[in-house]
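Here is a short briefing on one protein chain. Have the sequence and the structure open side by side as you read.

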Amino acid sequence: MVTAAQPLTYPFSVRHLGPNWYATVMGTAVVATAGTTLAPHVPGLRGVLAGVWAASLVLLLVLLAGRAAHWARHRDQARAHLLDPATAPFYGCLAMALLAVGGGALAVGRDLIGLRAAVALDAVLFTAGTVLGLAAAVAVPYLMAVRHRVEPGQATPVWLLPLVAPMVSAAVGPPLVPHLPPGQARETLLLGCFALFGLSLLATLVMLPLVFARLLTGGPLPLALTPTLFLVLGPLGQSTTAVGAFADVAPGVVPEPYGEGFGALAVLYGVPVMGFALLWSCLAAAHVLRARRHGMRFSMTWWSFTFPVGTCVTGAEALGRHTGLIAYAGPAVVLYAVLVAAWGTAVAGTVRGLLRGELLAGPAPVPSAPRPVTVRTTSGAVR
């Protein structure tokens, strides 16, 4: 029998299904995409990666349906998410989830659905993801300026999420270039992706100092938010991946010397940026180890260990491809092993949290009245 003191809970209710859940799609899709260049060296891996990509597609469809129900049935909560400075930046995850699954369709999903269907699916998801990513990159900072009233001390790496979405478009768009008619169409898409690269890079360079300054002057992030430090790796690894993708398709698409210029950019940009990514990953890992010692428990922020690390895998792979150095190809394999371990941990924690009804539960109720407090004055009287 269920009493008033023990209300029924519905662990799969969509009322508290926030946009942060799209991170599960991103993290799953990048496992498939990042592993594609390793597949020729590991027998049977490509088939497994295709299965992981299919899982990300199914997960995307489930979450799109759930979020649609959320907006239809709980519009008040959806509006509250937009007006919450801690939640609104996660709307960039919707765009990145679409882009990640679309890019994975062309990279490995074509083994399951065929090349023509993969190109069509990627084109649709790339277009939708790019439009939504640009909208988030404008709308979220606008809301932060006019409605959220945030303070510098509230800055977290989560603020980067809507700004990184166009960089994901820049990275997954170039593989579509060869499937367009030669000439204007191919060059337009390539240079459009390059424009998205610049948009996201400059916006990130504006926002990242706020995050770094808050970390140095405000002390460590709250335990639950500590994993989000890995989000900084996202624009670093994804931008390196993007310039490598530009160099892959630029010859014959743009006139010389610009084709060769993209090849030079892949190395001259990627090497120092991945160097900074190494520095930041060590800093973030140190903070996470500290947080674990202080009792950090699993939360949805643990998905921050997946997609950003995956972009560093693809970035290192791109550098290894364009430099021919084992110094980049080797670490890419190690990073991929870390990515798979992080993904497995996040999946296990998420499933466990769903079954326990913790991850989709509402906030804990606030006591209706404060507990009585006994205060002793300096004279010894008790009030």
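How many salt bridges does a search of the whole structure find? The search finds three. Keep in mind that this is a predicted model.

**Salt bridge Asp76–Arg15**
- The side chains of Asp76 and Arg15 form a salt bridge, with N to O at 3.1 Å.
- Asp76 sits in helix 3, while Arg15 belongs to the segment before helix 1.
- The two residues are 61 residues apart, and their pairing links distant parts of the chain.
- Arg15 counts as partly exposed because its relative accessibility is 26%.

**Salt bridge Arg46–Asp111**
- Arg46 and Asp111 meet through their side chains in a salt bridge of 2.5 Å, N to O.
- Arg46 is in helix 2 and Asp111 is in helix 4, so the bridge ties together parts 65 residues apart in sequence.
- Arg46 has 25% relative accessibility and therefore counts as partly exposed.
- Asp111, at 42% relative accessibility, also counts as partly exposed.

**Salt bridge Arg321–Asp248**
- In the salt bridge between Arg321 and Asp248, the closest N and O atoms are 2.8 Å apart.
- Arg321 lies in helix 10 (residues 307–323) and Asp248 in helix 8 (residues 233–249).
- This pair links distant parts of the chain, 73 residues apart.
- Arg321 is partly exposed, because its relative accessible area is 44%.
- Asp248 counts as partly exposed at 40% relative accessibility.

**Helix 2**
- Helix 2 covers residues 45–73, a run of 29 residues.
- From first C-alpha to last, helix 2 reaches 42 Å, close to the 42 Å expected at 1.5 Å a residue.
- Its buried residues include Leu45, Leu49, Val52, Trp53, Ser56, Leu60 and Leu63.
- Gly66, Arg67 and His70 of helix 2 are buried too.
- An α-helix has 3.6 residues a turn, so residues three or four places apart point the same way.

**Nonpolar surface patch**
- Phe212, Leu216 and Leu283 make a nonpolar surface patch of about 270 Å².
- Leu216 lies in helix 7, which spans residues 184–218.
- Why does Leu216 count as exposed? Its relative accessibility is 61%, and exposed means over 50%.

Definitions and conventions. Residues are numbered from 1 along each chain as its sequence is written. This is a predicted model: local features need pLDDT of at least 70, side-chain atom pairs count only at pLDDT 80 or more; totals for chains, interfaces and linings use all residues. Side-chain values use heavy atoms; hydrogens and water are left out. Patches are made of residues with over 30% relative accessible area and no salt bridge: like charges are joined within 9 Å, nonpolar side chains (Val, Leu, Ile, Met, Phe, Trp, Tyr) within 5 Å. Accessible areas come from the Shrake-Rupley method with a 1.4 Å probe; for residues, only the protein chains shown count as cover. A salt bridge is a side-chain nitrogen of Lys or Arg within 4 Å of a carboxyl oxygen of Asp or Glu. Helices (H or I, at least four residues) and strands (E, at least two) are DSSP runs, numbered from the N terminus. Buried means under 20% relative accessible area, exposed over 50%, partly exposed in between (1.4 Å probe, protein chains only). The expected span of a helix is 1.5 Å times one less than its number of residues.
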